[in-house]
Each structure stands twice: as C-alpha cells, then as structure tokens.
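Please open the model in your viewer and keep the selection panel at hand. The tour goes from a pair of packed elements to a single residue, and then to the chain as a whole.

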Amino acid sequence: MARKISIISGKGGVGKSTLTANLGYALAKKTKRVLLVDLDFGLNSLDLLLSCRDNVVFDVADVLAKKCRLKQALISDPKIPNLYCLLSGSFNPEKRGFSDFSEMIRREENAFDYILFDCSAGVSGALNFALDASEEVITVVTPHYICIKDALRAVEYAKRFSPVNVYAVVNRVRGDLVKAGRQAPAQEIFDMLGVTPLGIIPEHDDLNGFVRRDSEFFDVLADNLTNGTRRMYDCVFPYDGLLGKIKCKIKRNV
C-alpha cells in the first residue's frame with residue numbers, strides 16, 4: 001500500500017512543485033514506485049519540470065469521467081521507469097465531489113510505494129481533494145515572515161483531516177544570512193510550525209525550477225522520509241571560518 005502524501009504551502013511561489021518533482025525523482029532512484037499527481041488545478045507544472053509535456057494524452061478529468069483507465073493517463077519518465085506523473089488538466093474541483101478522486105486513488109494505490117500530491121497554494125476547497133486522499137502532509141515554507149504565517153494556516157487546515165504525520169521542509173535558506181543573524185534558522189521555523197522536520201533546502205540557482213538527478217539535498221529528504229531519520233543539510237557550514245567570511249561578503253555584494 002502506498003504512502004500518500006500531500007505537499008502543501010500557505011503561499012505560492014515557495015518551490016512546492018520543484019520539491020515534489022525532485023523528491024519523487026530521489027525516491028524513484030531508491031527503486032521506489034512513485035506517482036506524482038499534479039493537483040494545482042489550471043496551473044500544471046510537473047509536466048514541464050519532468051520534460052514530459054508533449055506526452056500528455058489523458059488527465060485526472062478523463063479518468064474520473066471514465067474516458068480512460070488510470071494507467072492510460074500516467075506519464076512515465078524515460079530515464080526512471082518507476083516514476084510516473086498524473087496531471088489535473090482541465091479538471092474543475094468545484095463540479096465533482098472529492099470522494100470520487102479519493103476512491104480512484106484507493107483503487108490504484110497498491111501499484112505504488114509513494115503517491116505525492118502537488119497541491120495548489122493556500123487553503124482553498126481544491127486542497128480537500130489531496131488531503132482527503134492522503135495520510136501524510138509535507139508543508140513547504142521559506143524563511144520569510146509572511147510565508148511562515150501562511151504556512152501556519154495551511155498546517156492547521158491540514159490537521160482537520162487527521163493526518164498520521166505532518167512534516168515541514170524549509171526551502172531557499174540563505175546560509176550567509178542565517179550566519180549573520182538576518183534570517184531565522186530552520187529549526188526555529190520548525191518549532192513555530194509545530195511539525196516534524198523533514199529537511200532543509202538551501203537557496204541555489206541550480207534548483208530553480210529544475211529536476212536534479214544528483215542532488216544531495218533531495219536525497220537527504222528521501223532518506224529521512226523512507227527511514228525515519230532526521231538528518232538536516234547544514235546551510236551555514238559553507239560560511240564558517242575565514243573562507244566562509246569571504247563567501248558571505250561576496251554573496252551580499254552580488
């Protein structure tokens with residue numbers, strides 16, 4: 001039976017879809033069978049991140065309307081055959097009860113080890129589709145006050161569905177700013193949210209909207225999720241010592 005996980009955020013633009021795609025890829029590299037479900041209705045992005053847009057034939061709406069079977073709507077990654085994607089397409093969550101979607105997932109979950117739902121930002125009714133079908137939640141948050149405040153609302157909303165586990169990932173952490181006391185440390189954010197820490201992702205140009213086949217950051221997340229470990233990437237370490245001070249100065253002047 002698959003572990004079904006909603007990936008949510010209180011605010012848009014925090015890197016939720018990028019994290020979903022990269023975490024799915026990292027889990028698939030560990031030979032896990034992974035399904036990524038894009039539930040950001042009308043704003044699909046997983047097909048772009050996984051470079052499979054031209055392969056889309058069917059979507060969630062087609063499966064629920066019985067125009068095709070779920071297997072026909074899945075898009076596989078040619079580089080990792082055990083990683084699949086399902087898009088929401090033109091599906092309108094306001095016109096269909098989410099019980100139909102949950103039942104569809106329950107019927108097919110034995111074919112996968114992990115099902116990750118890339119949800120829309122905020123706490124709109126569309127979020128119910130993922131939360132009703134999930135047993136776990138990952139909240140993605142950046143170290144900015146308004147984002148943390150909105151993430152708190154999203155976490156409280158998700159808890160209404162009584163998930164087994166609620167995790168958080170702090171994304172786009174600037175180690176130089178944390179070192180200088182100008183950005184809240186990730187642990188402080190985990191404490192404010194009152195959830196289980198899953199990982200820390202640094203601010204990094206190579207992670208901006210791309211799937212990294214060799215990213216240690218997402219490999220750590222996959223290990224923590226799979227094994228229950230709590231290893232956190234140290235974003236401050238590169239800025240320690242004399243060389244670190246030089247890096248900090250260069251970073252601030254860029």
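Select helix H1 (residues 16–29) together with helix H10 (residues 216–227), which pack at an angle of about 65 degrees with their axes 8 Å apart; H1 and H10 are therefore roughly perpendicular to each other, a term that covers angles of 65 to 115 degrees. The model is predicted, so local features need pLDDT of at least 70 and side-chain atom pairs pLDDT 80 or more, while totals for chains, interfaces and linings use all residues. Residues are numbered from 1 along each chain as its sequence is written, and side-chain values use heavy atoms, without hydrogens or water.

Looking along the pair, you will find that H1 passes H10 in a right-handed crossing. Next, display the side chains where they meet (contact means heavy atoms within 4.5 Å): Leu-19, Asn-22, Leu-23, Ala-26, Leu-27 and Lys-29 on H1 face Phe-218, Asp-219, Leu-221, Ala-222, Leu-225 and Thr-226 on H10. By class, this contact comprises eight nonpolar, two polar and two charged residues.

Now move to Ser-134, in the loop between helix H6 (127–133) and strand E6 (136–141). Is Ser-134 buried or exposed? Ser-134 is buried, with a relative accessible area of 12%, where buried means under 20% and exposed over 50%, with a 1.4 Å probe and protein chains only. The side chain of Ser-134 reaches the backbone oxygen of Ala-130 at 2.6 Å, and, leaving aside residues up to four places away in sequence, Ser-134 touches Lys-4, Ile-5, Ser-6 and Phe-117.

Finally, select the whole chain, in which 53% of the 254 residues count as buried.

Key
Axes fitted to C-alpha atoms, helices over the stretch in contact; angles between N-to-C directions. Helix = DSSP H or I, 4+ residues; strand = E, 2+ residues; numbered from the N terminus. Parallel < 35°, antiparallel > 145°, perpendicular 65-115°, else oblique. Left-handed = near helix turned anticlockwise from the far one by under 90°. Nonpolar A, V, L, I, M, F, W, Y, C, P; charged D, E, K, R; others polar. Polar contact = N/O pair within 3.5 Å; in protein donor to acceptor, adjacent residues only side chain to side chain.
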